[in-house]
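This briefing is intended to be read alongside the sequence and the coordinates.

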Amino acid sequence: MPDPAETPRRTPVTDQKPTADLDELTVDLDLAHVFHSWSAQGGGRTPFVLAGGLGTRVWDHFGTTYLDFSSQLVNLNIGHQHPAVVRAIVEQAGLLATVAPATANLTRGQAASRIVARAPDGFHKVFFTNGGADANENAIRLARLHTGRDKILSTYRSYHGNTGAAIVATGDWRRVPNEFARGHAHFFGPYLYRSDFWATTPEQECERALRHLERVIVSEGPSGIAAVLLETIPGTAGVLLPPPGYLPGVRALCDRYGILLILDEVMAGFGRTGSWLALDLYDVVPDLITFAKGVNSGYVPAGGVIIPDSIANDFDTTVFPGGLTYSGHPLAMAAIVAALDAMESEGIVDNAARIGRDVLAPGLAELAERHPIIGEVRGVGVFWALELVADRATREPVGAAVMAKIKAELLARGLLPFLAENRIHVVPPCVVTDAEAAEALSIYEEVLSLL
Ligand code: PLP
């Protein structure tokens with residue numbers, strides 16, 4: 001583990017002094033007063049304390065540093081404490097710290113113009129939200145209003161957010177029990193490693209997944225279906241890169257039945273795949289695009305829907321019944337402008353592509369050669385998953401005890417991981433350097449050697 005004092009990036013950006021007392025205080029306050037999401041609140045919880053960060057590194061109050069290979073919740077594309085983004089937020093706060101959504105504001109217009117510049121032709125409007133879930137809520141609402149239909153189809157292996165319609169659209173375990181459920185149906189997307197279609201090649205998986213989707217559309221009744229909602233690359237579900245032809249095939253099915261296609265780019269968008277939007281990697285143009293996370297790396301919460309003229313024009317004379325007090329918040333907008341400008345001028349998206357191609361792809365493939373526990377390596381850019389199995393022949397996933405050990409050993413060696421089910425997601429910020437990626441690969445190597 002690097003000595004914090006000798007890590008050049010350790011230069012504090014705040015005046016916090018490393019002290020054990022602050023770590024203890026943080027733990028005490030957290031246990032006493034913070035009600036956490038997605039976890040039991042009771043005894044035995046050991047809060048993981050973070051006090052500061054810079055680039056790909058974070059540290060606690062002791063000054064112990066970690067390589068952040070989680071990007072927090074896979075949102076920190078530009079890395080921690082990017083100075084231009086921090087400065088832009090401070091400057092905007094000095095000028096106008098809040099403004100109602102209906103007001104025209106220069107920073108908001110600038111943020112929207114930079115976002116549509118990255119979208120396919122014909123997308124000229126952005127509806128701002130506070131994050132990814134409400135981006136999907138509003139995309140669903142737009143689709144329902146545009147088509148006059150109700151049902152939304154999405155895949156079982158998906159996560160679209162934890163609010164009303166977004167959690168029902170979600171296909172993983174988190175959608176049940178659910179008091180919001182109405183107007184949704186699920187289908188299986190492609191996942192060759194654990195194929196639901198008895199496929200053995202990407203071509204077969206693609207063809208059979210499309211045939212399955214068409215059967216679901218026909219069975220659910222096309223005239224009642226407003227949209228198919230898909231993560232361009234399902235992320236939390238395991239970085240499931242769609243096989244070539246799948247997304248264009250879904251597009252063709254949507255066209256055949258008059259259904260809209262919504263692509264959720266909340267996790268995959270704005271640099272994570274080494275391209276501006278993940279849909280750039282596939283030959284597909286959706287009807288609506290949702291985004292959040294990487295657009296400003298979550299420095300101030302923001303998300304939204306990118307809307308083509310064909311749908312935006314519906315609301316020339318009628319009101320779109322959406323919006324929250326903080327939609328298009330000026331601090332979030334300033335962070336978007338600064339983040340996207342820095343990503344452009346510093347070549348951060350290209351860096352993600354290069355690190356993925358030249359360091360992570362070969363490095364993770366080598367790990368898989370040495371460690372039979374790795375059943376499959378898949379990914380692109382700085383968006384990778386190692387699927388861990390007890391037996392390569394049966395592909396039986398490793399259990400929770402193995403994953404708990406991996407987590408503890410990675411943390412002990414100074415790597416903050418993102419783990420999901422039986423997978424290690426390798427998801428550093430897009431600014432990760434060659435040396436940091438190499439350091440992480442050697443930590444993964446060491447930990448896998450213990451198993
Ligand atoms: N969509 C996708 C693909 C996500 O990965 C997430 C969050 O992880 C969301 C939507 C929800 O975003 P938020 O947590 O900002 O509401």
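Gly 52 stands opposite Trp 59 in strand β2. The model is a predicted one, in which local features need pLDDT of at least 70 and side-chain atom pairs count only at pLDDT 80 or more, while totals for chains, interfaces and linings use all residues. Residues are numbered from 1 along each chain as its sequence is written. Helices (H or I, at least four residues) and strands (E, at least two) are DSSP runs, numbered from the N terminus. Two strands are said to pair if DSSP finds at least two bridges between them.

**The four-stranded sheet**

- An open sheet with mixed pairing contains four strands in the order β1-β2-β3-β14. Its edge strands, each pairing on one side only, are β1 (52-54) and β14 (415-416).
- Strands β1 and β2 (residues 57-59) run antiparallel and are joined by three bridges.
- Three bridges also connect β2 with β3 in the antiparallel sense, and Arg 57 has Leu 67 in β3 as its bridge partner.
- The β2-β3 unit is a hairpin with five residues between the strands, and Gly 63 in the turn has a positive phi of about 90°.
- Strand β3 runs parallel to β14, with two bridges between them; here Leu 67 stands opposite Leu 415.
- From β3 (residues 65-68), Thr 65 and Leu 67 point one way and Tyr 66 and Asp 68 the other way, and all are buried (buried: 20 or more other C-beta atoms within 10 Å of the residue's own; exposed: 12 or fewer; partly exposed: in between; C-beta atoms are placed from the backbone).

**The β4-β10 pair**

- Six bridges join β4 (residues 123-129) to β10 (residues 303-308) in the antiparallel sense, and Phe 123 has Pro 308 in β10 as its bridge partner.
- Strand β4 is mostly covered, with five of its seven residues buried.

**The ligand shell**

- The ligand is surrounded by 16 residues, the closest being Gly 131, Gly 132, Ala 133, Gly 161 and Val 266 (a residue is near a molecule if its C-beta atom, placed from the backbone, lies within 6 Å of it).
- Helix α5 (residues 132-147) gives the most to this shell, contributing three residues.
- By type, the shell comprises six nonpolar, eight polar and two charged residues (nonpolar: Ala, Val, Leu, Ile, Met, Phe, Trp, Tyr, Cys and Pro; charged: Asp, Glu, Lys and Arg; polar: the others, Gly among them).

**The nonpolar core**

- The largest nonpolar core has 130 residues, and those with the most contacts inside it are Ala 227, Leu 288, Ala 335, Ile 336 and Ala 339. Helix α10 (residues 330-345) gives the most to this core, with 12 residues.
- Such a core is a set of buried Ala, Val, Leu, Ile, Met, Phe, Trp, Tyr and Cys residues joined through C-beta atoms within 7 Å.
- Beyond its neighbours within four places in sequence, Ala 227 is in contact with residues including Ile 140, Ala 143, Ile 152 and Ile 259 (contact: C-beta atoms, placed from the backbone, within 7 Å).

- The 13 residues of α12 (residues 400-412) should span 18 Å at 1.5 Å a residue, and the end C-alpha atoms are 18 Å apart, which agrees; the expected span is 1.5 Å times one less than the number of residues.
- Just after α12, Gly 414 takes a positive phi of about 85°.
- Asp 28 lies in helix α1 (residues 20-33) and is exposed, because 11 other C-beta atoms lie within 10 Å.
- Asp 28 and Glu 231 are 203 residues apart along the chain, and their C-alpha atoms are separated by 38 Å.

Methods. Two residues are in contact if their C-beta atoms, placed from the backbone, lie within 7 Å.
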